[in-house]
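Subject: Structure handover

Hello,

Here is the structure we talked about. Please open it next to this message and follow along.

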Amino acid sequence: MGNGQGKRVVVIGAGIVGASLAYHLAGKGANVILVEAQGIASGVTGSSFAWINTTHPEPDPIAQLRASAIEEYRRLETQLPGMEIRWTGALSYSVMPNAALSASGKQASDHWVSRSQILDLEPNLKNPPQAALFVAQEGALDAVAATHALIAGAEAYGAKILTQTRVLGFVTQGAKVSGVETTIGCIDADIVVLAAGTGITKLTDMLEVSLPIEASPAIFIRYKPQPNLVHTLISSPEMEVRQSSDGALLAAEDYLDEAMENQPLAIALRTAKTIRNELHGVNSIDVESACVGLRPIPADGIPIIGYLPKVVGAYVCAMHPGITLAAIVGRLASEEIIDGVASSALYPCRPDRFFQA
Ligand SMILES: Cc1cc2nc3c(=O)[nH]c(=O)nc-3n(C[C@H](O)[C@H](O)[C@H](O)COP(=O)(O)OP(=O)(O)OC[C@H]3O[C@@H](n4cnc5c(N)ncnc54)[C@H](O)[C@@H]3O)c2cc1C
């Protein structure tokens, strides 16, 4: 048990970010209550492609965070029975071979693979490129299962989880946040952590601290199982696909607009055609589900992590890519909140960058 015993922390939001925060805070001995408006992983976490993607073109202000993402998930795997990650590696040919890649990407620059190596990795590719980046250390997870695993871990440390409970406002004493008002009444807190995804802006507006976080749509598609089609995770200009542990083929696509021909199901059918054109061995490719998820993306693309300016006791965690970063941010933010240890990796993420004159 850590030194946070007795510190009352309310975490708002049971997506993967809030779940990771709740787990790490409770593990440090904090008295955690997690408040979720709907169900666990009912936000964008429930429709995520969930690639632990650590490669990014330079300059990358959060290179330090990305570089630790994999080892933090490896740690969680040893701590949480339900945390199952498919470490298949990721084959990417949307990046140019001579692109400058940051942090873990630099390690990855050792891993440019040739056409014949690409075919060894993905024998079903019909049109393999001359070269691709293969990052063997990367993987992907079932984001819903991972969120449940973190919640179960938090509960084992004594955290209380309130689902179907919406935060409606804050209890304040002067500039200090001393609790939250919810649909089932007020809950006192020493610290309130805002991990509510795209719901964060509404909450910070109530504290009169406006944060520029865009609700950015993307499409998540699940096709019926068809094992052994894709072995790694393929990110190419044509498609982004991988297989889940039950053999379902998963794809992520850009959201275009609201037109009928660009509705999720229509995009899923077009993507199915592309997959058929790109891969041998596709027998039937039936859509199981296709939906839009709203990603919380800060205006400058950099996560917003830290105490809100102008108020006391409110800590915000808004980020993209949230799956990649949830494990490392959960640990570092809990160290800041409970141990008072500020992390240099989080410096570029501070909310006050939006309030400097
Ligand atoms: C198609 C697609 C593909 C993606 N691919 C990747 C990827 O490959 N890798 C990656 O890292 N990321 C990816 N992402 C992004 C990733 O899914 C998100 O960054 C991440 O899930 C964000 O998690 P979160 O916990 O912050 O938000 P959420 O999952 O949205 O959780 C926030 C929760 O807060 C709750 N809430 C909101 N307001 C309130 C309130 N007032 N009171 C109580 N509860 C409230 C909501 O109900 C919700 O459950 C993808 C997203 C999409 C849509």
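Below are notes on the domains, the ligand, the strands and a few backbone details.

The model is predicted, so local features need pLDDT of at least 70 and side-chain atom pairs count only at pLDDT 80 or more, while totals for chains, interfaces and linings use all residues. Residues are numbered from 1 along each chain as its sequence is written, and side-chain values use heavy atoms, with hydrogens and water left out.

Domains

The protein is divided into domain 1 (8-81 + 142-212 + 299-354) and domain 2 (90-135 + 215-297). These bounds come from an automatic or database domain assignment. The two centres, taken over C-alpha atoms, are 28 Å apart. Where they touch, 22 residues of domain 1 are in contact with 27 residues of domain 2. Contact here means heavy atoms within 4.5 Å.

Ligand

How many residues surround the ligand? The shell has 37 residues, and the closest are Glu36, Thr45, Trp51, Gly322 and Thr324. A residue counts as near if one of its heavy atoms lies within 4 Å of the molecule. Both domain 1 and domain 2 supply at least three residues of the shell. Four elements each give at least two: α1 (16-27), β14 (213-223), β18 (287-298) and α8 (322-339). Helices (H or I, at least four residues) and strands (E, at least two) are DSSP runs, numbered from the N terminus.

By class, the shell holds 20 nonpolar, 14 polar and three charged residues. In this scheme Ala, Val, Leu, Ile, Met, Phe, Trp, Tyr, Cys and Pro are nonpolar, Asp, Glu, Lys and Arg are charged, and the others, Gly among them, are polar.

Now the polar contacts (pairs of N or O atoms within 3.5 Å; within protein, one must be able to donate a hydrogen and the other to accept it, and residues adjacent in sequence count only if both atoms are side-chain atoms). A side-chain N or O atom of Glu36 is 2.6 Å from an oxygen atom of the ligand. From the backbone, an N or O atom of Gly322 lies 2.8 Å from a ligand oxygen. A polar backbone atom of Ala50 is 3.4 Å from an oxygen atom of the ligand. On its own the ligand has 1000 Å² of accessible area, and the protein covers 94% of that. Accessible areas come from the Shrake-Rupley method with a 1.4 Å probe; for residues, only the protein chains shown count as cover.

Strands

Two strands pair if DSSP finds at least two bridges between them. Two bridges join β4 to β8 (residues 139-141). Ile85 has Leu141 of β8 as its bridge partner.

Elsewhere, β10 (residues 167-173) and β11 (residues 176-182) run antiparallel, joined by six bridges. Val171 stands opposite Gly179 in β11. This hairpin has two residues between the strands, and Gly174 takes a positive phi near 65°.

Backbone details

Which residues does a cis peptide bond join, with omega of about -5°? They are Glu58 and Pro59. Pro59 sits in the loop between β3 and α2 (63-79). Another cis peptide bond joins His320 and Pro321, with omega about 0°. Pro321 is in the loop between β20 (314-318) and α8. Finally, Gln164 is not a glycine, yet has a positive phi of about 50°. Look for Gln164 in the loop between β9 (160-162) and β10.

Best wishes
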